[in-house]
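Here is a friendly briefing to keep beside you while you look through the structure.

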Amino acid sequence: MKNQKRQVVSILAWSLLFFAWGCVDPFPIPTDEGFNNVLIVEGTLTNIESTQEISLTRTAPLGTAEVVGEQNASVTVRLGNGNSFAFQEVAPGRYQSVETFAATEGNTYTLEVISADGNTYTSTAQTLPPTAPLDEVVARRIVNDDDIEGVEIIVNTTDPSGQANFFRYTFEETYKIIAPQWNQFEAFIVSEDPPQVDIRLRSQEELICFGTNSSQSGTFFETTELSSNEVQEFPVHFLEKDNFFIAHRYSILVKQEVQSEEAFTFYRKLRELSGQENVFTQQQPGFLTGNILVNGNSTPEVTGYFEVVSQSERRIFFNFEDFFEPEGLPAFAVGCGEPQTPSLPVDRFGNSELLNAIRNESLEFFNDNIGGTGPGGANPDPNAPFKMVPRICGDCTVLGSNVTPDFWIE
Amino acid sequence: MTKNYFILITLICITTNLFGQQEATVNLQVEKNTLADILAKVEQQSGVRFYYLNNWLPKDSLTKNYQNTKLTEVLTDLFKETDLQYFKYADNRIYLTRGRLIHDYLPDGFFPAPVDTTATEPEYYSDENISVVINEQRSDIRRRKRSIQIGKQRSGASASEFTLNGKVVNAQSGRPVSGVLLSTGSGLTALTDAAGNYTFTLPYGENTLFADALGLERLEQPIIVYGDGNLEIVLSESVEQLDEVVVEADSRSIIEATTTGKNTIDAEESKTIPVVLGERDLLKIATTLPGITTSGEGSAGFNVRGGKTDQNLVLLDNSVIYNPSHFFGIFQALNPFTVETIDIYKGNIPAEYGGRLSSVFKITTKVPDSEKISGEASIGPVTGNVKLDIPIVKEKAGLTLAGRGTYSDWILGTLDNEDLQGRSAYFFDVLAKYHHKINENNTIQAQGYYSQDAFSITQDSLYSYDNTLASLQWDHKFSEKSQAAVSLTHSDYFFEIDFEGRPQTAFNYNFNIRETEFKFKMDYVPNTTHSLTYGVSSKLYGLEPGSIRGLGGESQVQSRDVDEEQGLESAVFIADNITFSEKFQLELGLRYSIFNAIGPGEQRIYADNAPRNETSLQETQEIESGEFFETYAFPEFRVGARYSLNRDLSIKASYSSATQYIHSLSNNTTVSPIDTWKLSDNNIEPQRASIFSAGVYKFFDDGLYEVSVEGFYKIQDNILDFKVGADIILNEAIEQETLQGEGKSYGGELLIRKNRGKLTGWLGYTYSRAFFKLDSEFPEELVSNGEFFPANFDKPHDVSLVANYAITKRLSFSTNFTYQTGRPVTFPTGTFFFNGEQQVLYSQRNSFRIPDYYRLDIGLNLEGNHKKNKLAHSFWSLSIYNVLGRNNPYSVFFVTENAEVKAFQSSIFNIPIPSITYNIRF
């Protein structure tokens, strides 16, 4: 081990050892005895009329990354006024409300889960936190702490009530994709034997598409430590200048959820406990108890959080040229090089490169292969009539949807 | 001749004149003869006859040449290398005795006043003219002690028992020594009180008086009692421990004292215990005693009987030392040459001490030598130590200057290792002590201490801390029965981190705590039954809980300061040590402590029936400067009793309660260098503890072996702990992250010591458990479901062996073995997805254990020769730390890398560490 060797050298030299960079050895975590099979409850009701969702999963042993859904549970949200909303399982571990509803002020909400093995888990009663409108979402050009140039998305919010202190931000970004080696024509197979191909007009939009990406996790902000209840210039997202998302036109929908302090703290601590150890932050590790109880008691069999949030959102658009010189346009998602010229005639095994590429949609038509060795010079090479490009370079539907979103404004 | 001389010789009193005028001469030339042969030849030649036992004589071969040499000179020469004394009786009989000189005279000026032989009443020597001072109790002259006559010999004495009064003082410090056991060969005993005074009833005639005290050389003094008298006994410190007795031989304090759970470590005696990197570490030796543990190398704190690391009061003389260690606890911050003793109270803490729940480590430094310039120095692989004593006023005032430092920074510079470039690591500590005995009744001493550490934790950070202590003490003796001590002490602990990662994130973070204490203490001994200690103390705290500043012009780190805190901790205390009889002693102590939280500051008020957080925060009140915004007061009881079943067997029991108003904020298991402190306020209540302990103490073979068994049960209240995921650094509202709960701990401790002989040392075993409970009606404040969970330092089994084997008088071999159950930790046990990210599931608090800790050290100690008049005495110690190369984990931690949780253990010394140290005393 390198560390140890270094020590030995030091000691032999001077009988000297410095411990601050002493010996650190990895050791196996006793996964077999340590693994707890714990039910994880994650549920967020919003004040927006929608299909609400609850997720039930099980913990997995360390070193694995699979999501184990808790199936066949009975999930109900009960209101303080006696009403209740039933949930149904739409995918393993994912439960959606049968009908749409919105959390409203003045009600209490309690989650009740009866698992397939008959245990009843209930959350503590939750109320809708105060609402705070999301005032402003701003995109601006910056050079970040890592000296990388790009666009930062920030939010500004003022809470007139002064009651909303804990915010979670998530976003959904949509970006225009333009296939760089698109042609209005597409290749198709006329005849397999003898191999014969031709081109026709594309039947669908494959030049301009729209990609969508959601934030994997929320970013959190609390205003309690500031003198005023304001969120000022809080960064929720950063896009590097050479990210192809912003090559053309870009839109981001930022969702602001006002959380209760307890929920906020749970999320924050969970992230901190799972994060990287740092010499200067001391975290007390341990089992983080959420607000889910078994028959009114907390147990190590369940954790997680069921919360009610008040949500507001705001969308903005921008073009690359709004911030940068057009020459610096980001490259496409992949490198699209010189087109290929697959041969049409079958080889001795009976395969035609071009036919295969068209059949399995691996290559897209880019242009006629003119200037080949064939007679006439201006006609396509009969042995390799088409210049072909990778499909991703010629067909935008590989990366996005060719349907323009309703909200899209050019 | 009118004078009669009384001589003790195997219970025969004789009156005669010895060594007449016509002394025989000897002509003798022998080569390689044994002493027995030589004596036979002398018998033939001079006609004398020797009386002795053969096995007294050494078997060495001697070569001697005497030409017309007087017989006395021949005998002196022959016996000079032995412990034999000779006594000539009549003309031709010579009695040899071992270790006991038979006197035929008394010292000149022994009788200071003319003796009135006509007195008919038993006579006393009055205070003015009696004090017989037995001085110069050096080991090498102990054997030739002269008898001392007490009272005046009269014919027809009217009583058969007489009373000897007096005082025992320390030769070096001149201070009275309490708890000295006086005994006679016939089994009578007496003990000095707190003022060092004793009263001893002795039978008429000759007695041999023994005086034993911890850390002092044993005195053996023949006395002849004719009447009542007064005798001042001066005991020397054991400066030349030829036999390398690790534990003071014949110390009876463990049997005799009223206190349970007290240990004493003598600096001098500890010098043969194997050390790490050549540094003698008295605090580390403390952890080999039952009931005291650390988390292993590199952790500065102690856990005493299930107490947290912040519950120990470490006093250097009178000042609190907040971080008594260097380099994360690998070295102690005490220059071993300056330390006299460390007294550790882990059960019944004396009433004069308070403010910490679990223990008091009372480190006493040596009194400067006021007679001659002397010193000690050592050179080890990492550090150099030096101590110098300089007399200022002959026999009255002296100054000690001591310094210690490491040359590691220089070593680092010479190492050609890229990883070490730009790293820094050094420490030093200095101590100055001035001691002035103005007169018999007044002594003042002043002391200053400063220690500093600085080292790089990472390549771009520099962490440093320092302790600054100052103290002033005046001791005044009103009378033999009452004396006072007034002291003023100040302690300052500061640490900072300079972090220079990127210019934008460079910062300086620092913390500071200061305390100033005034203490007045009286010792009053009205009679032989009562011994009272009482007084008052008051301590002002000032605390800067943390501030962070951007470093350099480019830094974007926001400056922040957590509000300063102030508090006043005061106490009145009284304790009475009541001696009902020789057998039964009772110590009653009461301490009443008061704490005031003082402004300026903010007082945050939270709603009841809600977890403390921003939502339940109802109001923040501004406190004006100097305003007392919260006051706590508690009585604390310190009660102990001792009953002696016989001379060698006693049982003791005690109850002790304590209150602590200051808390360390540390959620790591070990004392981490960035632990900060917090004073109690309206939200954080004082910690309280009660400990019951009882024990049996037994001497075997006249103190050759000592066995003690103690048990304890401790309950704690308002123990400060933290919520899961608590964030401590720079937290204004720390009470939102803390929890206060119950603690309970219990255990049994066994200590077996061998005090004399070639093999000395001790074996300690402790079985103990420590639990905390953090219960709440709110899920976010629950830890381990509100049930008792093992504390971070719950280590059920703890075995320590410390042994020293004297191969010769100069060469000894020592070993030290430690075994501890691995401490509890919280492990990650699984993963799950939440908030779209992979998260780590941790076990309940402390439900796993790291591997057991064990370590074996060995050492070899070689002293220079013992010639008395050598300019300097030298001492080599060679030791190998962790001989077995055990990779003892110091801490375990987990890192999430690429969505995978990895576990790491860090260890500090996972290979054997040899070191050699050279010590010199001049």
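The notes below cover nonpolar cores and strand pairing.

Please keep in mind that this is a predicted model. The largest nonpolar core has 101 residues, and it draws at least three residues from each of two domains of chain A, domain 1 (2-129 + 259-310) and domain 2 (185-209 + 334-398).

**Nonpolar cores**

- In the largest core, the residues that touch the most other members are A:Val41, A:Leu56, A:Val113, A:Val155, A:Ile246, A:Val254 and A:Met388.
- Leaving aside residues up to four places away in sequence, A:Ile246 touches A:Val151, A:Tyr175, A:Leu239, A:Phe320 and A:Pro330.
- Another core, of 50 residues, lies apart from the largest one; B:Leu282, B:Ala402, B:Tyr449 and B:Leu679 are among its members.

**A three-strand open sheet in chain A**

- The strand order is E11-E12-E18, with antiparallel pairing, and the twist averages 30 degrees from one strand to the next.
- Strands E11 (136-143) and E18 (230-240) each have a single partner strand, so one side of each has no neighbour in the sheet.
- Eight bridges link E12 (residues 149-158) with E18(A); in one of these strand pairings, A:Thr157 has A:Val231 as its bridge partner.

**Strand E13 and its partners in chain A**

- E13 (residues 166-178) is largely enclosed by the rest of the structure, because 10 of its 13 residues are buried.
- E13(A) pairs antiparallel with E19 (residues 249-259) over 10 bridges, and A:Glu172 is partnered there by A:Leu253.

Definitions and conventions: Residues are numbered from 1 along each chain as its sequence is written. Chains are lettered from A and ligands numbered from 1 in the order in which they are written. This is a predicted model: local features need pLDDT of at least 70, side-chain atom pairs count only at pLDDT 80 or more; totals for chains, interfaces and linings use all residues. A nonpolar core is a set of buried Ala, Val, Leu, Ile, Met, Phe, Trp, Tyr and Cys residues joined through C-beta atoms within 7 Å. A residue is buried if 20 or more other C-beta atoms lie within 10 Å of its own, exposed if 12 or fewer, and partly exposed in between; C-beta atoms are placed from the backbone. Domain bounds come from an automatic or database domain assignment. Two residues are in contact if their C-beta atoms, placed from the backbone, lie within 7 Å. Two strands pair if DSSP finds at least two bridges between them. Helices (H or I, at least four residues) and strands (E, at least two) are DSSP runs, numbered from the N terminus. Axes are lines fitted to C-alpha atoms, for helices over the stretch in contact, and angles run from 0 to 180 degrees between N-to-C directions.
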